[in-house]
Amino acid sequence: MQNPLADFHKLSPDQRKALIALLKKRGIDIGRLPIAGVGRDRPLPLSYGQQRLWFLAQLEPDSSAYHIADAVRLQGRLDADALQRSIATLVERHESLRTTFGSADGKALQVVHDSLPVAVQWQDLSAPGGDSEALAAAWVESLERRPFDLQTGPLLRVAVLKLAADRHVLVWVLHHIVADEWSLNILMGEFAALYSAYCRGSEADLPGLSVGYADFAVWQRHWLEAGEMQRQLAYWQAQLAGDTPQLELPWDRTGPAQRSDAGAKLEIELPAASGQRLRVLCQSEGATPFMGLLAVFKMLLYRYCGQAQIRVGVPVANRNRREIEHVVGFFVNTQVLQTELSGALSFRQILARVRETALGAQAHADLPFDQLVEALSPQRSLQRNPLFQVMYNHQAAPTESVRALGDLQWQAYARAAHSSQFELILDSFEGADGAIHLIWTYATDVFAEATITRMAGHFCRLLDAALSAPQTPLRDLPWLSAGEGGQAAEFDAAVVTAFVPELIRRQAQINPQAEAVRVGDSGLSYSELLRRADALAACLVAQGLKPGEVAGVCLPRSADMLVASLALWQCGAAFVPLDPDYPAERLQYMLEDAGAAWWIGWAGEAEDCAAPIAPLPGKLRGLFLDRLDLSGVAQQPPAAALHPESLAYLIYTSGSSGQPKGVAVAHGALARHCAAMAELYGLHAGERCLHFASFSFDAAIEQWAVPLLCGATVIIGDPARWSLEQTLQTLHEQGISRIDLPPAYLAELARKLEPEQTLPALLGCTVGGEALPREQLALIQSRVRPKRMFNAYGPTECVISPLVWQAEAACDSLYAPIGRCVGARNAYILDADLNPLPSGAAGELYIGGLDLAQGYRHRPGASAERFLPDPFAGPGARMYRSGDRARRRGDGVIEFLGRADGQLKLRGYRIEPGKSKTPCWLSRAWRKRRYG
């Protein structure tokens, strides 16, 4: 029968479509008709796969990411003439090896040459005393990495490395644009046949080739463009509809803005029993081992990333026509297999989903990958590939490890991987006995070997668990080794040596004349501070203040704020710090919600000192310190007894996600936290610490309590009125040794410093309240140059700053880490099912232990939602769900990754992706300073 497509390439596009429609009406599938030959007297179009590689080669002409290579050891007498003749025959037989690539009028073309000799390179590494094996490994890497010139060719490189008279390494390197892994196997097999025949003085019997690769390239384009592409594209668009975010893999480094192709590999062997069990289970489910291993790989990625939609790239040989079975060329295509997972699905259910996806992809395997990328138009990045980041490939393992080749013995040469096209590639090789060999190839720009080793171990454990219990939900399958996931430490709840007011009183007894607090030109010694606090406490008790009551403290930045706080604690009462610049409606809401019985403030005459609420609501009793005469009040402090669970203060949340909630913090948690921070900072008596935070934030309590319990001096500044120049002047004039500032403010301060300027007295610098970008960290370290620098992190519900990172010389992540837990607290990185995640995996940060807040004031429901039972620390323990995404590094340090809902929420304001800063509840002065 004459092939109706013999002159198909000569028809116009409309004529081709009409012919295909006619053949379909007659029941003829053009996909089964023979490929017709085309002339080689002119440049020809590229296949779609070649076109993509041509484009990539123009972007990175020196990249070796798309080189394919193989090497074998040759033991015995080598016939150099037979080897060179074999290579020449292969080049003559396969036109791809005689093809070069260029362009005309902006269109890439391939030229098939009648002749394009490939000279075998010979390199003698057998010099006495030399390490021939090390030299050979270096040569193999060099040969593989050396760029090809696609326009001049040849695109095949063959070398023989002589290790000894009877030992050689034969190396093959090709550019992917002319061959694929299948082609490499063809070439190696035909080379063996040719070499053996030439050594015997005969000819090899090789299968005939009815078409060349250029015939396939022209046929593929015409067939797809005549309608088949639209049919298959519609399927893939439906499969991959919507945006899928990148997988949050356990990167060790963020990598450069444009990642290189540098890579390495790790090889492991699964037991034959595991492979056999996998085969049996997959067969019972109507699946293949490929589908089973892909299902486990996707389960692993889900456990690491917690993302429902998992995409993996899978290469397909795309040799579904008999006439191209023995043709050398770039036929391989890439498919994107997407599966939706959840922790509730069992291995059997996931395998069924993967099977359905794989079968559907097999029926639509011809759509070129670059056409899919163009149609879906994903967001492009120089740091990753479009549509997917990881690839999986399954092959049959070679059956022979040693082969006879004339007078030679031929054995595979183990090569180290030096490049990776993707962040992660998993290759599996299935042996006839059921054993499975795995090769993990990874980008060294982002992964360390230890991380991939852990990942391979997790894969093996997850596979074993899935085979042992295929009906068990994924969330319940064990996959971590013992000790992974951050085990809880044990804490003694009774260990509270003293509460904060008692510790400050001890400092007053040790050195009563030492300066405790300074505001502007006036200061108070420790004895004066305690005398005023005791007098106010006695006055409050006399007026009826009872232990356990709550007072709203609404004072401007002054020593009175510390006096009022200490006085209330002496009475066994708690306080709610209130910013006088808050709107009256918010202040009234907070007082009523807290159940406050007292108001402590200033009356004053100036507008900035006047009581924000007038008259005071309801039964609220007011006490105005600027009109209060305490001179005749007894100095004996009240004898109220504090308990570790006695309420110390209430701090209200911003209310950005609803009504503000009062966070209740007890004395025991506060005392343990302050003592731990004092030890971490190494604070000493006599140091001078700048108080910068607004008194309505919990950080303000730490900024005065920690210095006072160490015998240091608190310098109260007023950032609402200070310029950067005034702050620098104060740091110098007051000899400030410790500062605690927001990163953005400190970065601006650093920019004000001239390169030769220094802050010589600065022993410690703490930043907190918002994420610290590494650029700001580097700027602060280079300009401010504190002796020790800390990055503090903490939701209010976990008592000020439960995690702190002492800054290192450099930071290779986008944000500075948030460190390790301080005090009697634990940090867990958990997935959506509250399972621990290994080092490097991204999940939600939970903080447990003793030093947490008691919950939300008068909100048991909201408290139950955020304060959960701690399953890792025994009965009665709790942990707080932070709502922040984080990951734990291999050294135990935790890195902040952003809000779990995709927002980067900072204290005082929040940032939404693609939007400007949106103010939350801020004081008028703060809003004016930050936003104008």
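At what angle do α2 and helix α10 pack, and how far apart are their axes? The views below take up this contact and its surroundings in a predicted model.

**View 1. Helix α2 packs against helix α10.** Helix α10 covers residues 369–376. The two helices pack at an angle of about 70 degrees. Their axes are 8 Å apart. Angles of 65 to 115 degrees count as roughly perpendicular, so α2 and α10 are roughly perpendicular to each other.

**View 2. Residues of α2 meet residues of α10.** From α2 come Y48, Q51 and R52. From α10 come F369, D370 and Q371. The residues of this contact divide into 2 nonpolar, 2 polar and 2 charged.

**View 3. Three strands form an open sheet.** The strand order is β1-β4-β3, and the pairing is antiparallel. Strands β1 (44–45) and β3 (99–104) stand at the edges. Each has a single partner strand, so one side of each is left without a neighbour in the sheet.

**View 4. Strand β1 joins strand β4.** Strand β4 spans residues 107–112. The two strands run antiparallel, and 2 bridges join them. L44 has Q110 in β4 as its bridge partner.

**View 5. Helix α2 lies across β3 and β4.** This helix spans residues 48–59. It runs at about 75 degrees to β3.

View 6. Of its 932 residues, 56% are buried. The chain exposes about 39,000 Å². Carbon and sulfur atoms supply 51% of that area. Among contacts between residues at least 6 apart in sequence, 73% join residues at least 24 apart.

Notes: Residues numbered from 1 in each chain as written. Predicted model: local features only at pLDDT ≥ 70, side-chain atom pairs only at ≥ 80, totals over all residues. Heavy atoms only, no water. Pairing = 2+ DSSP bridges. Helix = DSSP H or I, 4+ residues; strand = E, 2+ residues; numbered from the N terminus. Contact = heavy atoms within 4.5 Å. Axes fitted to C-alpha atoms, helices over the stretch in contact; angles between N-to-C directions. Buried < 20%, exposed > 50% of the residue type's maximum accessible area, 1.4 Å probe, protein only. Areas by Shrake-Rupley, 256 points an atom, 1.4 Å probe, with all protein chains shown as cover. Parallel < 35°, antiparallel > 145°, perpendicular 65-115°, else oblique. Nonpolar A, V, L, I, M, F, W, Y, C, P; charged D, E, K, R; others polar.
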